[in-house]
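Here are some notes to read alongside the model, written for someone meeting it for the first time. Please keep the 3D view open as you go.

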Amino acid sequence: MSLKKVLLCVFVLSATLTKAQQSDQQLGAWYMYNGSHKIADKIAIITMAHYRYYEVLGEFQQEIYRLGINYTINPKINFTVGYSYVNTNTEFKVYSNNLEEHRLYEDLNLKGKLNNIKLRHRLRFEHRFFNSTSSHWFRYDLNANYPITKSWSVYAFNELFLNIDKSKRFVQNWTGAGFLHQINQQLKLKLGYFYQKLPDEGFHRLQFGIILNTNHLKNKK
């Protein structure tokens with residue numbers, strides 16, 4: 001990676017941190033694992049574990065674990081069905097009982113390309129069950145990825161959340177960007193920032209992630 005590109009990365013992150021620290025909201029962080037593990041020509045197991053904090057190095061907010069089965073229709077279209085377990089501390093620096101939640105979800109992923117920019121559209125229906133109640137959300141995520149070297153790329157995304165059970169549909173919106181570093185064919189590192197907009201407030205969050213993609217079908221041959 002060239003010096004100019006390294007300096008650009010440092011500048012973008014510095015500006016992001018300055019903006020977040022000037023906000024009335026505490027800068028928090030997400031520590032993330034995401035994985036896709038191919039077990040057949042068109043089938044993969046999707047795994048995820050996220051640990052989310054109100055602050056960069058402390059004050060637990062949420063943990064979420066996800067397991068799904070992905071089926072590839074063709075190189076541009078695939079879908080996933082799965083289950084998530086979520087444990088949330090709803091109060092910042094105030095003791096409260098954690099909220100446990102179970103979710104079922106269905107994803108439709110559409111891939112495309114605009115010149116050298118890789119595009120992905122994800123449409124998700126999410127069914128959330130907690131405290132003997134339920135709600136049903138629709139989420140639309142647009143993700144763009146642009147390579148800057150053989151091993152580095154920059155990404156940007158926007159995800160809209162709507163509650164299809166209520167007259168006030170808007171739940172939240174995430175807007176962010178960051179960098180991906182390809183370690184090898186299976187492993188990537190992710191460093192990014194996003195702003196989480198809710199109806200009455202917003203949060204600044206850093207993202208530190210590991211992405212692991214494996215192909216067990218190759219090991220069987």
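1. **What you are looking at.** This is a predicted model, in which local features need pLDDT of at least 70, side-chain atom pairs count only at pLDDT 80 or more, and totals for chains, interfaces and linings use all residues. Residues are numbered from 1 along each chain as its sequence is written, and side-chain values use heavy atoms, with hydrogens and water left out. The chain averages a pLDDT (the predictor's confidence in each residue, from 0 to 100) of 88, and 85% of the residues score at least 70. Please take care with residues 20-24, where the pLDDT is below 50. That stretch has four contacts (heavy atoms within 4.5 Å) beyond near neighbours in sequence.

2. **The overall plan.** The chain has two helices and 11 strands; these are DSSP runs numbered from the N terminus, helices being H or I with at least four residues and strands E with at least two. Of the 221 residues, 37% are buried, where buried means under 20% relative accessible area, exposed over 50%, and partly exposed in between (1.4 Å probe, protein chains only). Among contacts with a separation of 6 or more, 44% join residues 24 or more positions apart.

3. The 11 strands close into a barrel in the order β1-β2-β3-β4-β5-β6-β7-β8-β9-β10-β11, with mixed pairing. From one strand to the next, the twist averages 20 degrees, taken between N-to-C directions on a scale from 0 to 180 degrees, with axes as lines fitted to C-alpha atoms (for helices, over the stretch in contact). Strands count as paired if DSSP finds at least two bridges between them. β1 and β2 pair in the antiparallel sense over 10 bridges and form a hairpin with four residues between them. Tyrosine 33 has alanine 49 in β2 as its bridge partner. β1 also pairs with β11 (residues 202-215), here in the parallel sense and over 11 bridges. Look for glycine 35, whose bridge partner in β11 is leucine 212.

4. **The largest nonpolar core.** Which residues make up this core? There are 11 in all: Trp30, Met32, Trp137, Tyr155, Phe157, Phe161, Val171, Trp174, Leu180, Phe194 and Ile211. β1 (28-38), β8 (152-163) and β9 (170-182) each give two or more residues to this core. A nonpolar core here is a set of buried Ala, Val, Leu, Ile, Met, Phe, Trp, Tyr and Cys residues joined through side-chain atoms within 4.5 Å.

5. Tryptophan 174 lies in strand β9. Why is tryptophan 174 classed as buried? It is so classed because its relative accessible area is 10%. Leaving out residues up to four places away in sequence, tryptophan 174 touches several residues, including Trp30, Phe157, Phe161 and Phe194. Phenylalanine 157 is 17 residues from tryptophan 174 in sequence and 7.8 Å away in space, C-alpha to C-alpha. The side chain of tryptophan 174 also makes a polar contact with the side chain of glutamine 172 (2.6 Å). A polar contact is a pair of N or O atoms within 3.5 Å; within protein, one must be able to donate a hydrogen and the other to accept it, and residues adjacent in sequence count only if both atoms are side-chain atoms.

6. **Tyrosine 193.** Tyrosine 193 sits in strand β10 (residues 187-197) and is buried, with a relative accessible area of 12%. Its side chain makes a polar contact with the side chain of histidine 204 (2.5 Å). Alanine 177 and tyrosine 193 are 16 residues apart in sequence and 5.8 Å apart in space, C-alpha to C-alpha.

7. **Two loop residues worth a look.** Glutamate 59, in the loop between β2 (43-53) and β3 (60-74), has a positive phi of about 65 degrees although it is not a glycine. Serine 132, in the loop between β6 (117-130) and β7 (133-147), has a positive phi near 65 degrees. Are these residues buried or exposed? Glutamate 59 is partly exposed, with a relative accessible area of 25%, and serine 132 is exposed, at 84%.
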